[in-house]
Amino acid sequence: MTTQRKRDARRPVRVMKFGGTSVGSTERMTAVAGLIEEALAESRVIVVASAMEGVTNRLLDGISAAVKGEDDRAADAFGRWHLLMFDQIGMADGFPTQAMRSLLEGLGDEVGRLLAGVRALGVCPPQTHARIASAGERASCALLSHILQKRGLEHDDLDPCEYIPCTGSLLEATALPGALRERFSEWKRSGRDLALLPGFYGGDESGRIALLGRGGSDLSAALAAAAVEAALLEIWTDVDGVFTADPRLVPDAMRLSALSYDETMELAHFGAKVLHPRTLAPVRDPGIPVRVRNTFAPDGEGTLITGHAPASPHLARGLTLLRDVTLLTLSGPGMPGLPGVAARVFSSLARCGINVLLITQASSECAISLGIRTADRDEAVRALDDEFARERALSLVESVEPLAGLAVLSLVGDGMRHRPGVAAALFGALGDLGCNVVAIAQGSSERSISAVVTEEEGVRALPAVHARFFDTAQRVDVYLVGVGLVGRQFLAQLERSAERWRERGVDLRLCAVADSRRCRIAPRSLVPRDAMAALEGAPPFDPESLLTDVRKRRPPTPVLVDCTSADSLAQRYGDFVDSGMHVVSASKLLNSGPLPRYRDLRERLRLRRRRFHYETNVGAGLPVIGPLHDLLAGGDEVIRIEGVLSGTLSYVLGLLQDGVPLSEAVARAREAGYTEPDPRVDLSGLDVARKALVLARELGAPLELSDVALEGLLPPLFDASGTVEEFLARLPSADAEVAARVAALAAAGEVLRFVALVEGGRCAVGPVAVDATHPLAAVRGGENAISITSAAYSPRPLVVRGYGAGAEVTAAGVLADVMRLVPWGQP
């Protein structure tokens, strides 16, 4: 113990605990010494330090190897690490440097001798285990002491065996708070400025090292803080504080500026890694504030933990995921009315030292389920089967059923008990993701609510549930198939709009891109502007590869975007839905295909709670399906739908109205890019018939494409056979007949329009004469329009009109369909 200048004992005491990453190198220890020096300007300081990062685990691995008779060189590694750091620190004026080197060498020799003894015996007694496991803290504090002395910071080196009195098991000891206060009383009265205390262990009544268990260094600091009635306990670690969720699983997790003791203990119990659940127990009753801070960003304010934290603006304070959980279920026909079942369950597991994470019981009392760590599963099953052996023999209770591979997803917050609908929001979010909830638990304080799910689904659900409760970015994973005109425009719009959507809380990720031959699936995501280049040399396209990727990743909101005209892909929509994907399609082949397939997809969508968006099926970039759905959802009765649904025919008929011959009008439309490579596809009206069928089915008409009355634009007797060139060469022969029809209509004050009509469960498509007052009369030049007459919109119909055709506006409609998957009404 070095000598210190006495100062005012009434100065406040701050306890600063530094974790393994904070003291993991010479540079980090030097930075820690700087933080300690800054704190001394304001208060007296007790420093509690952990072992260097990775050292304790290495020592425990060494014990395991030694028990098997193996030498994994743990002692050599231990000595080498710490002597290397000592040499890097350099000489300290006035400090017994050789004594310090000898101390470190002695620790390494001690670890080596103890491990050699374990190898010889084949067993590691608790006293030996405790001495080996605590060597890391003893060594790190020796090095930190050397650095403090080098900076001229005199301090007391406190021996935990003297200052942290314990009782019970040497490997999981219990501190004695009353005796602990007495041990620290002399230092507290002395007024000395600085003390250094190794964490993780104390001493029993015989002075033997007794471990405080995992998280013991945090507990050491809390015990010291309570013993000296500290003004503040600081936990210095490698993160900026306590977050709303684990940032490694939820990149959008937010740092919490404040928490209550109770909230923090709930978060820690259910898996939050920053603090051990036992840490807060010693400081909670005396009300000592705890601040979690980042050693590598010391200017940050961290997270302050007190008795009462300010109310959160969100429904909850944090979200955790506790993994490696097994659910044990005890059930049987004789359980109802059987007294003391829960007590016997807890007692039998307590005798084995097994911690119960949660418990839930059916209201019928026929079953009781409890969650434990998977590592304890086999021992727990044996303990419960032994405890209820008599009842099993009488067929009153069945054998315990373990279900492994689970995780506990917990929502925590003091304010939850005052806000209705929290449970509904949590389970609604899990339901939207298709997660099956195995069990539910909620404490009477309503401070936390937990759902037991499979570990795989828990990892997948955590970011989505977090987004629902904390208004952070909601992830949408896009799997694009088809990179023709519309697909490429979709990529361009995805590139342009991604940042804007990110600002609004939506993370659009392009996870895969495919054409008819190739498919590139990214490990994380693709940059849209690089997607075409990524297809070069990509593996062959197979829908199964996309399905496999989605099943493996289980993203929160995966969506298939179909920009193809391939019926083979449309036939697989049901498989994509079954895998958990939503579907957005620019192709109308499914909606206008065979009715059984149409109905099968709707049923799968209903069962899987997935969505199918296809706004561009009818009006391309013009909103048609959405307004129609809104009318029906509002209880309106749609009487009739009329529409000009082909930009090509709108353009051609507009030219005919101006006196341009049919053959020339078709030639101009081809030149302007309106027609398909074979203009007969447009002139037949088949595409319009498919659109009309989509609308009819939206109104509930059980029609097939063959039920649509279809008349093309060409005269009935015109020979449209042969190649495209042969057809175009004959087309002028139809000019006169078509021109005569147009002229006759003009004389009667009417115009010719190619109209889709849906009315009374029937569907008809073809050239129709409309008078000048009709909403479709003025639609020409490539425009589309739809007129909906309903009970609410009658006699003046609802009309939607505009330029819907073209790859760019169609791609915009596809992107809008993708964004409709985002639930904007989060709590």
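How many cavities of 30 Å³ or more does the count come to? I worked on a predicted model, where local features need pLDDT of at least 70, side-chain atom pairs count only at pLDDT 80 or more, and totals for chains, interfaces and linings use all residues. Residues are numbered from 1 along each chain as its sequence is written, and side-chain values use heavy atoms, without hydrogens and water.

**Entry 1: cavity**

I found one cavity of 30 Å³ or more (a set of points, on a 1 Å grid over the protein atoms alone, where a 1.4 Å probe fits but cannot get out). The largest cavity holds about 50 Å³, the volume being the space filled by probe spheres set on the points. I listed its lining (residues with an atom within 4 Å of a point) as Val 242, Thr 264, Leu 267, Ala 268, Ala 272, Val 274 and Leu 275. By class, six of these are nonpolar, one is polar and none is charged.

**Entry 2: sheet**

I noted an open, mixed sheet of six strands, ordered β21-β20-β19-β22-β23-β24 (strands are DSSP E runs of at least two residues; a pair needs at least two bridges). β21 (519-526) and β24 (612-613) are at the edges with a single partner strand each, so one side of each has no neighbour in the sheet. β19 (474-481) pairs with β22 (558-562) in parallel over five bridges, and Val 481 is opposite Asp 562 in β22.

**Entry 3: helix**

I then looked up helix α17 (485-503), which lies across β19, β20 (506-514) and β22, at about 160° to β20 (helices are DSSP H or I runs of at least four residues; angles run from 0 to 180 degrees between N-to-C directions).

Methods:
On a 1 Å grid over the protein atoms alone, a cavity is a set of points where a 1.4 Å probe fits but cannot get out, and a pocket is an open set with protein on both sides within 12 Å along at least five of seven lines; lining residues have an atom within 4 Å of a point. Ala, Val, Leu, Ile, Met, Phe, Trp, Tyr, Cys and Pro count as nonpolar, Asp, Glu, Lys and Arg as charged, and the others, Gly among them, as polar. Contact means heavy atoms within 4.5 Å.
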